[in-house]
Amino acid sequence: MAKEAIPMYRRNLSSILVMAIALAFGMQLRAQSPAPAKAADAPRSAPKRDLSGVWLLARGQPGDNDVFTTEPAPMKPWADEIFRYNLRPYDDELRARDETNPQIRCIPYTFPRVVIAGARPFEILPPFPGRVVILYERDHWVRQIWMDQQPPADYPPSFMGYSTGRWDGDTLVVDTIHLRGKNNWLDSAGHLLSDAMHITERYLRPAQDTLVINYRFEDPKVYTKAWTGQRAFKLQSTRPGVPGIMEDVMCEDPLGKGGQ
Amino acid sequence: MRNRFLRFLIAATGMLLLPPGIVAQRPAQPRTAAQTAAPTPDISGVWNGPIGGGGGGGRTGEGGIGRRRWTEADPPLQPWAAAIFKANREGVDDPNEQGLDSLDPNNNCIPPGMPRIFAVGRPFEIVQSPGRVHMLFEWDHTVRRIFTDGRKHPEGYFLTFMGWSIGSWDRDTLVVDTVGMNEKTWLDGLGTPHSDELRVIERIRRLDREKLEIDFRFEDPKAFTRPWGAKKAYELKPDWEVLEHVNCEDHLMEEHLPEHLKNLKDLLRRVNP
């Protein structure tokens with residue numbers, strides 16, 4: 001495998017190509033597939049306690065797909081210095097430099113960066129007892145949320161962490177711990193997280209086609225106090241020709257070129 | 001590679017530490033309107049294998065062939081494919097042994113893809129939803145989506161590692177038809193090549209509560225001289241959950257991470273001289 005970093009332009013080029021192919025075939029597919037039976041366009045109320053569907057980051061949110069909030073996070077001084085370095089080349093855009101970006105080096109996306117990075121869709125599977133399963137297109141990540149259970153006190157840190165959930169009325173509340181924070185980023189701007197990170201998400205579906213996730217980040221090793229963020233997502237049931245989410249393999253370009 | 005067993009131990013230890021509530025959890029049973037109308041066979045749960053008689057190493061079937069082999073005989077390959085198969089196994093004497101590491105895509109961080117994912121010897125979970133069956137494989141957190149809503153294969157869809165799968169129920173059997181797999185993978189651990197015309201037909205059914213059988217049929221007129229296939233069996237692991245696994249994690253952490261860490265160290269020196 002290539003030891004050098006993957007040039008950013010090549011990544012961009014490959015994603016443009018993928019998108020172009022997807023669009024081209026998507027249109028063809030739409031013309032060929034039998035038209036799905038579609039309910040009337042009248043606004044429908046959101047189903048209760050059912051978040052299933054394919055969701056894509058809504059456009060035009062401050063900070064776009066790079067951060068969960070544009071408000072400054074209450075970082076400890078050392079974390080703030082690293083963050084400001086990560087950010088420096090693009091101060092005004094909240095984008096980070098490649099050389100310290102773990103994912104440029106094929107290190108897998110961690111939750112929660114996987115949710116927003118590159119604005120790739122994710123699919124929440126239809127409800128079934130005991131669990132909520134989320135499939136992220138980015139690097140085909142799978143996240144399991146174990147309902148109405150206590151997380152294990154001790155668990156090996158992992159890229160998705162250990163998530164437990166419960167319903168608070170019609171809001172899904174999810175707590176995630178045991179994240180592999182070391183050498184990973186919280187978002188694409190270069191905010192840090194540690195293995196002490198505790199993320200609480202509140203999933204609301206105010207309308208049939210809208211999902212809002214409120215985030216609370218608590219990580220006493222990196223931040224001076226808990227802070228919050230919010231991202232909104234739109235239902236993608238009519239994404240033309242695309243089977244919900246597509247296959248994505250991390251660093252497929254350098255791998256596929258057979259580099260050792 | 002040397003860390004793989006260690007990681008497995010850590011993961012296994014992690015599982016042992018799970019509270020009994022989690023361990024005791026049953027595989028999820030999807031409740032759908034379709035099911036109440038006409039019961040769909042239930043193949044959901046965490047399955048591990050391939051299993052079978054004949055001793056260790058995941059050997060399966062009458063003759064105790066290894067999990068890497070689909071059949072005791074070598075695959076029926078077209079001349080060009082036979083030449084590649086031979087090269088992939090140059091110097092390998094044991095017919096159950098894996099092909100050469102240097103040529104094995106999976107050993108070089110390329111996903112195993114379909115159908116080799118069923119022969120890597122890691123568990124997978126089947127999740128049934130209305131119109132879909134998902135298979136969540138532990139190996140590299142691979143996801144497979146099988147449409148059971150009556151749609152056909154799309155034309156002109158790009159090639160992927162897992163291909164495009166549609167399925168339908170034939171009494172107790174889920175019949176899955178998969179096309180659109182890229183040529184970057186081996187069909188098995190032996191080193192059997194295939195082309196992008198590969199088509200895999202699976203007949204998946206529960207032999208009993210504990211056992212799942214998959215009858216694979218491989219068609220690839222470019223690479224094979226005739227359709228061929230094999231049966232593999234998997235056993236239910238009601239108290240398992242599919243753990244997190246990242247393909248090439250060791251490699252990433254040992255080769256890419258040090259460079260990343262070096263950059264971070266440089267950074268710390270700069271911001272904190």
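**Note on the predicted model: confidence, barrel and salt bridges**

1. Helix α2 (residues 20-23) of chain B has the lowest confidence in that chain, with a mean of 39, while strand β6 (residues 173-179) of chain B has the highest, at 98. Please keep in mind that this is a predicted model.

2. Two stretches of chain B call for caution. Residues 1-28 of chain B have a pLDDT below 50. That stretch still makes 52 contacts in the model beyond near neighbours in sequence. Residues 53-62 of chain B also have a pLDDT below 50. Here the count is 24 contacts beyond near neighbours in sequence.

3. Now the overall scores. Chain B averages a pLDDT of 81, and 76% of its residues score at least 70. For the model, ipTM is 0.76 and pTM is 0.79.

4. Chain A holds a closed barrel. Nine strands form it, in the order β1-β2-β3-β4-β5-β6-β7-β8-β9, and the pairing is mixed. On average, neighbouring strands of this sheet are turned by 30° against each other, direction ignored.

5. One strand pair of chain A can be followed in detail. Strand β5 (residues 162-168) of chain A runs antiparallel to strand β6 (residues 171-177) of chain A, and seven bridges join them. Within β6(A), Val174(A) stands opposite Gly165(A). As background, strands of a sheet pair through backbone hydrogen bonds, either parallel or antiparallel.

6. Salt bridges come next. Over all chains, the structure holds 26. Which residue of chain A meets Glu125(B) in a salt bridge? The partner is Arg131(A), at 2.5 Å, N to O. Glu125(B) lies in strand β2 (residues 124-129) of chain B and Arg131(A) in strand β3 (residues 131-136) of chain A, so this pair joins two chains. Glu125(B) is buried, at a relative accessible area of 4%. Arg131(A) is buried too, also at 4%.

7. A second pair stays within chain B. The side chains of Arg122(B) and Glu138(B) meet in a salt bridge at 2.9 Å, N to O. This pair links distant parts of the chain, 16 residues apart. Arg122(B) sits in the loop between α4 (79-88) and β2 of chain B, and Glu138(B) in the loop between β3 (132-137) and β4 (143-147) of chain B. Arg122(B) counts as buried because its relative accessible area is 18%, under the 20% limit. Glu138(B) is buried at 7%.

8. Asp170(B) and Arg171(B) also form a salt bridge, with their closest N and O atoms 3.7 Å apart. Asp170(B) is partly exposed at 27%. Arg171(B) is exposed at 69%.

9. Finally, a network in chain A. Salt bridges link Arg120(A), Glu137(A) and Asp248(A).

How values were computed: Residues numbered from 1 in each chain as written. Chains lettered and ligands numbered in written order. Predicted model: local features only at pLDDT ≥ 70, side-chain atom pairs only at ≥ 80, totals over all residues. Heavy atoms only, no water. Pairing = 2+ DSSP bridges. Helix = DSSP H or I, 4+ residues; strand = E, 2+ residues; numbered from the N terminus. Axes fitted to C-alpha atoms, helices over the stretch in contact; angles between N-to-C directions. pLDDT = per-residue confidence, 0-100. Contact = heavy atoms within 4.5 Å. Salt bridge = Lys/Arg side-chain N within 4 Å of Asp/Glu carboxyl O. Buried < 20%, exposed > 50% of the residue type's maximum accessible area, 1.4 Å probe, protein only.
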